[in-house]
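Good morning, everyone. Please have a look at the screen, and then we'll walk through it together.

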Amino acid sequence: MMEHAPALVIAFPLFAAFASHLIGRLGSRIRDIWVFASLLLTWLFAVFLNLEVMQRGTYAYTLGADISSLASPAGFPVRIVLVIDGMSALIAFMAVSVTLASFIYSRRFMERVSGGGESADRYCSLVLLFLAGMLGMGLTGDFFTLFVFLEMTSISSASLVAFFRKGSSFEAAFKYMIISAINALFLLFGIGMIYSQYGLLNMAAIANEMVLNFSFLDKVALSLIVSAILLKLGSVPVHMWKVDVYQKVPSSVAVMCITSSLVGIYVLSRILFSVFFSMSALTGWMIVCLGSLSIIVGVSMALPQKDLKRMIAYASIAEIGYVMLGIGTGLAGMSSTFGTVALSGGVFHIINDALDLGLMFLIAGAVFYATGKTGISKLGGIAHRSASLSVLFIIGMLAVSGIPPFNGFVSKLIMYESVFCLNPVLSVIGILGSILMLSVFVKVFASVFLGSPYKGKFREIPLSMTAVMWIFALLIILLGLFPGLALDGLVSPAVEALLGHGIYMGVII
Amino acid sequence: MDGKGSSRIVRNVTCMLSVPVMVFGLYVVLHGHLTPGGGFAGGAVMATFIALFMVSFGKDISRRLDSGPFSVSESLALLAFVGIALLGIQVTFFSNFLANSGLLFGLTVPFGTNPGFLGTGGVTPLMNLAVGLEVFSGLSLILIVMFRSGGDGDNA
């Protein structure tokens, strides 16, 4: 049974999503237990994947084959192949963990904001589908399956954006739908170009072909695919959809949206490191430039925002920029030491982003739960009503801005030092971005949490929500004090997996 | 189109057409592994009948179409698809455990040119059936929801 974990980890949330709609008819309590149990099982599968990768190294799982490890029986791959290596196992683990946390958080949250009933059934199904899409993107080894799962995340998250059924949320969802439809066409067009040349869809097999005959058409395909994925993860020239989406989506789902952006980063690095590695110097500089632009634009746009969630959304664009900076430097300096160090900083920052920005969105959700508002100017003096929320906000704020005892500092310091070797200006941009980020959040902290006590109605924040936020905060402190835990256990296998394109190809061919 | 729908001729022809349309849809679904088409195309053909019914009978009757059963059958069809894939788990996920087994759809395909045998293909026809049911119920649900909200002339 356990050797089928790569397939089951995707299949199980799918099955649970379709079943939760039927089980919801039996009662909301049974449905919640069902969704929680299936998420827990998926989480155990993801943990198992990580342990398995540590023992076996990179391995493939072929769907429908007689022997699961036999990916290409006739010399080339004919079936859908899932490839599990350090990086994809890490991404799968992260996606499931965040979804599990978000589901625990969302039980009371959604009860208050949506009223339960059939809309809660729909919420559970969509969240599970969203998770299945992210896991599929993380584990797949071929381009077409990637396209299918990318569409799945887009459609399920667009439905979640429209969840509140208000004019403005419909507008954001419609915008997102249109943009992801165009995005999907770009991706499909790029995949078609590659398929027409090699007759292959498997990434490793295509990479193997490209070693010998790399054509101009491949470069066109590369630009189409990369632009589609950049749009999916919300880097700067194509970030406009992200802010509306993050503002309108329920806060518990915003955490998952952040994770799906990070899965997008993974897909980008998988394609650039494992398939188009011969172009790494050019693509690396491109990703570095877009990353630094994202930092500058994200932070400077976060400054004037008047809505808490909108501001965190701009901060998340900047944080994605840091990950791109690390990964781009890893690409540009692929064979050098500073490149490897920058890459490990970037991969570590993927984990830290999910925790830090996730915590910020959960706090914004808790503030909304308690007061019913997210406008910064309408709030004030919340620290008088809930001390624990303000402590959590301070932890999140310092972690996002990269201040020492927290995890953001570690990954950012690794990046400042290694990116300096590529070009000193990049470190300056990085440090400047962090300082501005701190000023953004200090301003918000002063106007939302400090001041005279909050006068309006303040609902008590339930234990399940507080507990999830504290788990995030404790992980932030833990990774800040003992970064070796993550760097040795999770990050370095992932970095090895990204850099070892020979091993990646060898599993399939 | 007011509540009454189309003329008596159109309505009668719709009723007469219901059987051929459904049979053709099922044919496309069932022969998915032999001829062009398959679950999606056949399911869409079957859902066309629901559209035809709504257009010819107008909103008075169409409003009474209940979305509940369609919703349930949609979920069941999706569960069946994943379930069939899971049944092959003793070999691999999605493994075709029925092909060449002599059981349902388990005939061995004879060598050489042949007209195509329905009893071959293993789990592929079963998955086609699941997809056909899913597409039929999904598209019908979309039609029902759109008919309900669009007919009033407001932007609900």
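Let's begin at one residue: where is the place of A:Met2 in chain A? A:Met2 sits in the segment before H1 of chain A. Keep in mind that this is a predicted model.

How accessible is A:Met2? Its relative accessibility is 35%, so A:Met2 counts as partly exposed. Now look at what A:Met2 touches. Leaving aside neighbours within four places in sequence, A:Met2 is in contact with A:Phe45 and A:Phe48. Take A:Phe48. Along the chain, A:Met2 and A:Phe48 are 46 residues apart. Their C-alpha atoms are separated by 8.1 Å.

Next, the interface between the chains. On the chain A side, 17 residues are in contact with 16 residues of chain B. In general, the size of an interface is often given as the accessible area lost when the parts come together. Here, chain A and chain B bury about 1,400 Å² between them. Carbon and sulfur atoms hold 76% of that. Which residues of chain A lose the most area to chain B? They are A:Phe15, A:Phe18 and A:Leu22. Together they make up 34% of what the chain A side buries.

What about polar links across this interface? The count of salt bridges between chain A and chain B is zero. Polar contacts are there, though: the rule finds six residue pairs, both residues at pLDDT 80 or more.

Which elements of chain A give two or more residues to the side that touches chain B? Helix H1 (5-23) and strand S1 (59-62) do. H1(A) gives the most, with eight residues. By class, that side of chain A has ten nonpolar, five polar and two charged residues.

On to salt bridges. As a general point, side chains of opposite charge can pair when their charged atoms come close. Over all chains, a search of the whole structure finds eight salt bridges.

Start with A:Asp32. One partner is A:Arg31, and the closest N and O atoms of that pair are 3.1 Å apart. Are these two residues buried or exposed? Both A:Arg31 and A:Asp32 are buried. A:Asp32 also meets A:Arg107 in a salt bridge, at 2.9 Å from N to O.

Why does A:Asp32 count as buried? Because its relative accessible area is 12%, and buried means under 20%. A:Arg107 is at 37% relative accessibility, so A:Arg107 counts as partly exposed. And there is a wider picture here. A:Arg31, A:Asp32, A:Arg107 and A:Asp121 are linked in a network of salt bridges.

One more pair. A:Glu319 and A:Lys412 meet through their side chains in a salt bridge, at 3.2 Å from N to O. A:Glu319 lies in helix H12 (residues 308-332) of chain A, and A:Lys412 in helix H16 (residues 407-422) of chain A, so this pair ties together parts that are 93 residues apart in sequence. A:Glu319 and A:Lys412 are both buried.

Now the nonpolar core. The largest one has 203 residues. Which two touch the most other members? A:Leu389 and A:Phe441. Helix H13 (residues 337-371) of chain A gives the most to this core, with 18 residues. Follow A:Phe441 for a moment. Not counting residues up to four places away in sequence, A:Phe441 touches A:Met311, A:Ile312, A:Ala315, A:Met360, A:Phe393, A:Met397 and A:Val400.

B:Ser73 lies in helix H3 (residues 67-87) of chain B. B:Ser73 has a relative accessible area of 18%, so B:Ser73 is buried. Beyond its neighbours within four places in sequence, B:Ser73 is in contact with B:Leu133 and B:Ser137.

The other serine is B:Ser140, in helix H4 (residues 123-150) of chain B. How accessible is B:Ser140? B:Ser140 is at 0% relative accessibility, so B:Ser140 counts as buried. What does B:Ser140 touch, not counting residues up to four places away in sequence? The answer is B:Ala47, B:Ile50 and B:Phe70.

That's the tour. Thank you.

Definitions and conventions: Residues numbered from 1 in each chain as written. Chains lettered and ligands numbered in written order. Predicted model: local features only at pLDDT ≥ 70, side-chain atom pairs only at ≥ 80, totals over all residues. Heavy atoms only, no water. Core = buried A, V, L, I, M, F, W, Y, C linked by side-chain atoms within 4.5 Å. Buried < 20%, exposed > 50% of the residue type's maximum accessible area, 1.4 Å probe, protein only. Helix = DSSP H or I, 4+ residues; strand = E, 2+ residues; numbered from the N terminus. Contact = heavy atoms within 4.5 Å. Buried area = accessible area lost by both parts, 1.4 Å probe. Salt bridge = Lys/Arg side-chain N within 4 Å of Asp/Glu carboxyl O. Polar contact = N/O pair within 3.5 Å; in protein donor to acceptor, adjacent residues only side chain to side chain. Nonpolar A, V, L, I, M, F, W, Y, C, P; charged D, E, K, R; others polar.
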